[in-house]
Amino acid sequence: MIRFTDVVVRYPNGTVGLDGIDLTIRDGEFVVVVGLSGAGKSTLVRTINGLVPVTSGELAVGESRVDGAGKRALRDLRARVGMIFQSFNLVTRTTVLKNVLVGRLHSTPTLLTLLGVARKADVEIAFQALERVGIVEKAYTRASQLSGGQQQRVAIARVLAQQPEVILADEPVASLDPPTANLVMRDLQRINRELGITTIVNLHFLDLARAYGQRIIGMRGGRIVFDGPPEEADDAVFAQIYGRSLTADDILPDTPVELGPTAT
Amino acid sequence: MTAPVAVRPPKPRPALGMWSLLAASVVITIVAGSAIDFDLLPLFSDTTRGWFIVSQFFAPDWSYLGRTVAPLLDTLAIAVVATAFGCVLALGAAMLASRITTRNGAIYRTSKAVLSVLRSLPDVVWGMLFVAFVGVGALAGMLALVAFNVGIIAKLTAETIDAVDPGPLEAADAAGANSVQRARVAVVPQILPNFASYSLYVFELNVRASVVLGFVGAGGIGTQIAVELARFNYDNLSAIIVVLFVVVFAIDQISGVLRRRLAS
Amino acid sequence: MTAPSPVVRPRRPGKLRYVALQLAVLAVIAVCLTSLDANWSRLLDAPAAAWTYGTLMVRGVLQNPFAEPHLDYWLTSFELMGQSIAMAWVGTVIAAILSFPLGFLAASNTAPRWIVLPVRQLLNAIRAIPDVILVIVVMVPVFGLGPMSGALALGVGSVGTLGKLASEAIEGIQPGPVEAVRASGARPVQVIRWGVIPQVLPEIVAFWLYRFEVNIRAGAILGVVGAGGIGAYIGRAFDSRDWDRIGIALLVIVVVTMLVDAISGLVRHRIIAGPVARAAQLERVVG
């Protein structure tokens with residue numbers, strides 16, 4: 001369970017990222033956060049694993065407190081929380097397998113890492129993660145040779161290799177074309193259902209949010225302005241979140257609207 | 001109403017920077033020229049004696065070539081070992097001297113300062129120092145070159161580290177890796193081609209440096225050159241020079257090819 | 001959609017070649033290590049010696065600089081270091097002037113192939129001659145001992161590297177502006193003057209400054225064989241084991257070199273940043 005209690009994030013230059021957030025996310029939920037750029041959705045997601053420090057308030061992931069956590073505690077927390085990024089953040093010069101093994105670093109002795117050696121058990125976990133996202137045949141391919149969608153799936157495999165309790169996704173599909181974006185969202189949804197891992201995704205494409213989210217959180221100006229199931233999030237609600245009426249930029253180009261939680 | 005007449009902007013003052021630089025350069029050149037008693041006259045007058053000596057250098061004693069092999073191999077061996085050890089030390093030093101891999105401000109600044117000092121001493125001065133510490137011979141040459149190399153490689157590598165893509169580092173952090181693991185997994189693969197290129201560059205420098213190091217007693221072909229020069233054996237000397245030239249030229253070409261391959 | 005049929009895991013591609021390469025490199029290093037007739041036992045003496053002499057040097061530096069003989073040490077060190085810098089400057093100027101046209105002659109987009117190839121090899125040949133050899137073989141016999149020889153050796157020796165770097169910069173320019181100038185009917189020299197030079201000049205001047213920094217160190221080295229500058233002075237200091245003098249001279253070398261490096265680095269960055277930096281300055285003035 002992830003619990004925010006009056007969390008405020010103020011950046012060094014003065015801007016307020018989060019302005020008093022109270023939020024509880026239960027285990028196994030699939031949450032989608034939407035809002036304008038700068039509304040705080042990226043900040044919200046990044047405070048959960050401590051990439052953005054909390055200025056005041058309490059933030060707890062399970063039993064561990066994230067606010068004010070020391071370096072050791074943060075590393076332990078991040079071992080249990082996986083994250084995928086908009087730009088995939090793979091090491092392009094190395095193989096897919098080595099990238100996935102990054103997810104096992106938290107339990108690998110530093111000496112083995114320095115020597116570039118991976119334990120058999122870790123390699124097995126990595127392979128299983130690759131199989132789960134359906135890309136195992138590329139295990140020894142250089143990451144730079146993969147397409148965007150494939151790279152993101154490798155990133156998902158990297159997160160799965162951590163065997164995390166929570167998966168965070170910061171704009172995971174913003175760099176992908178519409179069909180691939182749907183595939184990736186479907187993968188995330190499937191993993192959430194099959195493995196029961198709490199998943200929090202940060203999106204700005206509204207149709208994807210409605211199609212895949214189990215719970216939608218709308219943010220504006222660092223505050224939560226909407227929190228409910230996708231059925232309640234109609235266009236009027238979105239207009240309220242975005243402070244303007246919707247434009248074509250807010251939905252994926254030529255998306256079939258029939259796509260919904262029932263499609264697999 | 002007639003269209004308003006456009007006012008021509010006043011001609012901007014000429015870029016001060018460029019011309020003042022040029023003026024400063026000319027002044028410095030004049031000052032420097034007089035400081036060294038710049039005088040091209042000897043080139044045209046009283047050339048007989050000078051050119052006589054020069055011509056003696058162009059009559060190599062080819063039978064001497066056999067005796068250059070051993071010292072030349074020594075020089076190459078010293079260069080190889082010094083480059084190897086220099087690289088290993090420099091990699092660690094570079095990590096300390098880059099903000100990306102060292103978060104502790106004090107360590108970072110101290111490392112940069114130490115490396116700056118290391119780089120300010122010419123290789124021959126290092127040679128003299130180590131001859132004083134460990135006596136004449138190849139050991140002094142090796143240690144001197146290692147000290148000389150670390151400064152150069154570490155600075156170049158630190159600059160490369162500063163320019164890496166921060167994405168994979170963020171991913172490693174988010175997966176719970178510690179600083180060392182992060183450097184090994186996300187930084188090293190990105191800097192490896194450049195690092196190899198710097199190593200080759202420094203190897204070339206080492207071979208050239210051996211000539212002067214020999215003069216201060218630090219072994220290699222330089223010692224032989226110093227000896228033959230002192231004995232005025234210009235024919236032997238020119239044989240050595242020819243061989244040295246061929247070797248350095250060959251290394252230049254090979255290294256150029258290798259570095260182009262690395263860049264791809 | 002049902003789960004896809006199980007995919008066979010790929011076999012690990014042969015690591016043999018990679019491992020063999022690593023072993024070969026290690027073997028070469030090991031062979032080199034063992035072949036050297038080095039007095040390895042002295043290695044253990046090094047830290048202690050370094051400490052001893054290091055403290056001697058520091059003590060020498062801290063002695064009253066206004067009293068003899070240390071006053072003389074400081075003054076001579078600075079004077080000779082200044083000479084080294086003057087040597088390096090003059091040498092770099094000579095090299096810049098000589099290498100500038102050669103750079104154009106060695107670039108495939110500004111000179112025909114039958115010129116480019118021999119010029120390139122000429123530059124490579126010059127690069128392969130160590131400065132010290134130039135000094136001993138040519139400069140000292142003709143110009144005698146002293147900084148003039150050093151400056152010329154540095155100058156001629158640097159032509160190779162600067163010429164090569166210049167030609168690489170010229171080959172790396174964008175063809176667009178050059179075509180535009182040519183299309184307006186300019187003669188080849190004008191094309192170079194207005195299409196090529198504005199693009200490469202900042203980069204080439206930056207190379208010149210960098211080479212200046214390198215030549216300061218090279219100048220000290222040449223001094224050891226008598227070509228002026230601080231090299232001979234520090235060589236004599238080491239010969240006579242005068243650690244006071246050594247300490248002072250080393251400190252002067254380090255401080256002056258770092259100072260010149262810093263200034264040169266600043267100028268280099270301003271040049272490369274060029275238009276951006278000037279625009280920012282203008283903005284601050286105009287408001």
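I take contact to mean heavy atoms within 4.5 Å. I note at the start that this is a predicted model, in which local features need pLDDT of at least 70 and side-chain atom pairs count only at pLDDT 80 or more, whereas totals for chains, interfaces and linings use all residues. Residues are numbered from 1 along each chain as its sequence is written, chains are lettered from A and ligands numbered from 1 in the order in which they are written, and side-chain values use heavy atoms, with hydrogens and water left out.

**Entry: chain A with chain B**

I looked up the contact of chain A with chain B and found that 27 residues of chain A and 19 residues of chain B take part. For the buried area I use the accessible area (1.4 Å probe) that two parts lose on being put together, summed over both. Between chain A and chain B this comes to about 1,800 Å², with 64% given by carbon and sulfur atoms. I then searched for salt bridges, each being a side-chain nitrogen of Lys or Arg within 4 Å of a carboxyl oxygen of Asp or Glu. The rule finds one across this interface, and I identified a pairing of the side chains of Arg46(A) and Glu170(B), at 2.5 Å from N to O.

**Entry: chain B with chain C**

Here the contact takes 63 residues from chain B and 65 residues from chain C. The buried area is about 5,200 Å², and carbon and sulfur atoms give 80% of that. On the chain B side, Ile36(B), Met128(B) and Phe133(B) lose the most area to chain C, together 12% of what that side buries. The rule again finds one salt bridge across the interface of chain B and chain C, and I noted that the side chains of Arg127(C) and Asp252(B) meet in a salt bridge at 3.3 Å, N to O.

I next looked at a helix pair in these two chains, taking helices (H or I, at least four residues) and strands (E, at least two) as DSSP runs numbered from the N terminus. Axes are lines fitted to C-alpha atoms, for helices over the stretch in contact, and angles run from 0 to 180 degrees between N-to-C directions. Helix H6 (residues 123-134) of chain B and helix H2 (residues 45-62) of chain C have axes that come within 8 Å and cross at roughly 115°. Leu129(B), Ala132(B), Phe133(B) and Val134(B) of H6(B) meet Ala46(C), Ala49(C), Ala50(C), Tyr53(C) and Met57(C) of H2(C).

**Entry: within chain A**

Which residue forms a salt bridge with Asp19(A)? I found Arg223(A), with the closest N and O atoms 3.1 Å apart. The pair links distant parts of the chain, Asp19(A) lying in strand E2 (residues 16-25) and Arg223(A) in strand E10 (residues 223-228), 204 residues apart.

Among the residues making the contact are Gly149(A) and Ile156(A) of H6(A), and Val184(A) and Leu188(A) of H7(A).

**Entry: within chain C**

Last, I checked helix H5 (residues 131-143) and helix H8 (residues 188-224) of chain C, whose axes come within 10 Å and cross at roughly 45°. That angle makes H5(C) oblique to H8(C). Their contact is made by Asp131(C), Val132(C) and Val135(C) of H5(C) with Ala218(C), Ile221(C) and Leu222(C) of H8(C).

Terms used. Angles under 35 degrees count as roughly parallel, over 145 as roughly antiparallel, 65 to 115 as roughly perpendicular and the rest as oblique.
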